[in-house]
Amino acid sequence: MNRCLVLQPEVQSFIEKCMVAAGAKPSHAKSLADVLVEGDCRGHYSHGLNRMDMYVKDIQTGICSKDGEPVIEKESVATALVNGENVLGPVVGNFCMDLAIKKAKDVGIGWVVAKGSNHYGIAGYYAMQALKQDMIGMSYTNTSPLVVPTRARDCTLGTNPICVAAPANDGDSFVLDMATSAVALGKVELHHRSGDTIPEGWGCDSHGKPSTDPGKVLSGGGLLPIGGCEATGGYKGYGLGMMVEVFCGILAGSQYSKHIRTWKVTDRVANLGQCFVAINPENFAPGFKDRMSDLLTLHRDLEPAEPGTPVLVPGDPERINIKRCKELGGLSYHINVINHMNKVAKTLGVTPELPVDRLLA
Ligand SMILES: NC(=O)c1ccc[n+]([C@@H]2O[C@H](COP(=O)([O-])OP(=O)(O)OC[C@H]3O[C@@H](n4cnc5c(N)ncnc54)[C@H](O)[C@@H]3O)[C@@H](O)[C@H]2O)c1
């Protein structure tokens with residue numbers, strides 16, 4: 001009995017009210033709430049309501065701008081460089097993705113990079129906007145350094161997520177939306193709090209040696225890239241994390257790698273780099289969606305190695321979570337998260353608080 005049901009409109013309105021009370025423009029508050037609620041619906045609770053206090057603090061302290069809108073600094077028919085003007089990440093993300101889609105409608109592809117941005121939540125939110133227009137979407141962002149490159153000791157890359165979304169028939173799609181670290185930092189923190197060791201391949205100590213002690217990973221160590229150590233192919237995850245920097249920090253001229261501020265230390269503006277791409281399949285071979293549907297079915301229909309655990313395609317786990325939310329009639333949160341966010345709301349003078357009376361069995 002430690003989870004509680006909250007209706008989707010209740011979470012949406014709660015986040016918007018808290019952000020406006022902190023000083024954000026109502027339209028910016030709405031953009032943020034949309035992304036966080038989508039994160040929760042898709043089952044990425046580490047990137048939903050759970051993160052609201054971080055954005056509240058960014059606006060309250062003024063380290064993230066309350067005013068202004070992103071501006072285009074340089075443009076061609078297919079490309080743009082956008083200055084996010086240090087507003088909330090989702091406002092920058094929506095601006096850039098809309099622009100990329102418009103360009104892809106005109107010339108087949110839109111490739112837009114942003115500097116001067118902030119944390120934008122789940123990468124999938126932006127890439128999936130292209131699906132609504134029957135286009136392929138991609139989104140990337142750099143983040144504060146938390147990942148230790150293969151053979152190194154220091155963190156120089158963020159968890160730098162990648163998302164590629166591609167449409168299939170009848171609303172179906174491929175949505176690969178993932179961090180380029182083996183796991184999120186939050187997972188290591190959870191193990192630490194409960195006194196458990198972590199599996200090999202998640203993190204390393206301050207000497208760069210793989211460690212199963214979450215305390216060592218959190219104090220001076222770091223996360224390992226996808227694949228873990230060198231022997232298990234961690235250098236490929238390291239390469240992907242660096243690739244994200246090529247598309248984001250390096251292409252956009254924002255902060256990059258170890259020059260990005262330390263995670264949760266907001267002593268200076270983030271100036272993150274991000275990348276948003278839309279590709280119109282109409283400009284390529286006919287029948288894209290039919291072949292996509294075939295590709296998805298071909299994989300979902302594979303005989304599972306373990307009976308009862310069907311083969312999934314990227315995007316399916318999130319689809320399952322969305323279905324579960326619909327059946328429940330809302331979102332399920334740990335009571336501690338709700339209590340914590342209600343405390344934040346109280347300090348902001350926001351009412352009503354999130355309800356705590358719909359306990360789930
Ligand atoms: N803004 C940021 O700074 C930031 C940083 C890191 C991560 N994120 C976000 O955090 C979220 C979670 O990232 P993650 O790496 O923990 O995701 P994850 O490991 O839960 O899933 C990664 C991908 O694998 C797919 N998947 C999972 N199980 C599968 C299976 N059995 N078969 C086929 N596909 C499967 C999922 O559909 C998803 O596309 C993402 O939305 C990401 O964008 C954001």
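The model is predicted: local features need pLDDT of at least 70 and side-chain atom pairs count only at pLDDT 80 or more, while totals for chains, interfaces and linings use all residues. Residues are numbered from 1 along each chain as its sequence is written. Helices (H or I, at least four residues) and strands (E, at least two) are DSSP runs, numbered from the N terminus.

**Domains**

- The chain is divided into domain 1 (3-62 + 330-360), domain 2 (68-180 + 232-315) and domain 3 (183-223); the bounds come from an automatic or database domain assignment.
- The C-alpha centres of domain 2 and domain 3 lie 26 Å apart.
- Domain 2 and domain 3 each give 9 residues to their contact, where two residues are in contact if their C-beta atoms, placed from the backbone, lie within 7 Å.
- On the side of domain 2 that touches domain 3 there are 6 nonpolar, 2 polar and 1 charged residues. Ala, Val, Leu, Ile, Met, Phe, Trp, Tyr, Cys and Pro count as nonpolar, Asp, Glu, Lys and Arg as charged, and the others, Gly among them, as polar.

**The open sheet**

- An open sheet with mixed pairing is formed by 7 strands in the order β2-β3-β4-β11-β5-β6-β7; two strands pair if DSSP finds at least two bridges between them.
- β2 (71-75) and β7 (173-178) stand at the edges with a single partner strand each, so one side of each has no neighbour in the sheet.
- β6 (residues 162-167) and β7 pair in the antiparallel sense over 6 bridges, and Ala165 stands opposite Val175 in β7.
- Helix α4 (residues 89-107) lies across β3 (79-83), β4 (109-117) and β11 (272-279), at about 160 degrees to β4. Axes are lines fitted to C-alpha atoms, for helices over the stretch in contact, and angles run from 0 to 180 degrees between N-to-C directions.

**Strands β1 and β12**

- β1 (residues 3-6) and β12 pair in the antiparallel sense over 4 bridges, with Arg3 opposite His334.
- Along β12 (residues 331-334), Leu331 and Tyr333 point to one face and are buried (20 or more other C-beta atoms, placed from the backbone, within 10 Å of the residue's own).

**Around the ligand**

- Of the 25 residues around the ligand, Ile122, Ala123, Pro161, Met178 and Ala179 come nearest; a residue is near if its C-beta atom, placed from the backbone, lies within 6 Å.
- β7 gives the largest share of this shell, 4 residues.
- The shell divides into 14 nonpolar, 9 polar and 2 charged residues.

Terms used
Buried ≥ 20, exposed ≤ 12 C-beta atoms within 10 Å, placed from the backbone.
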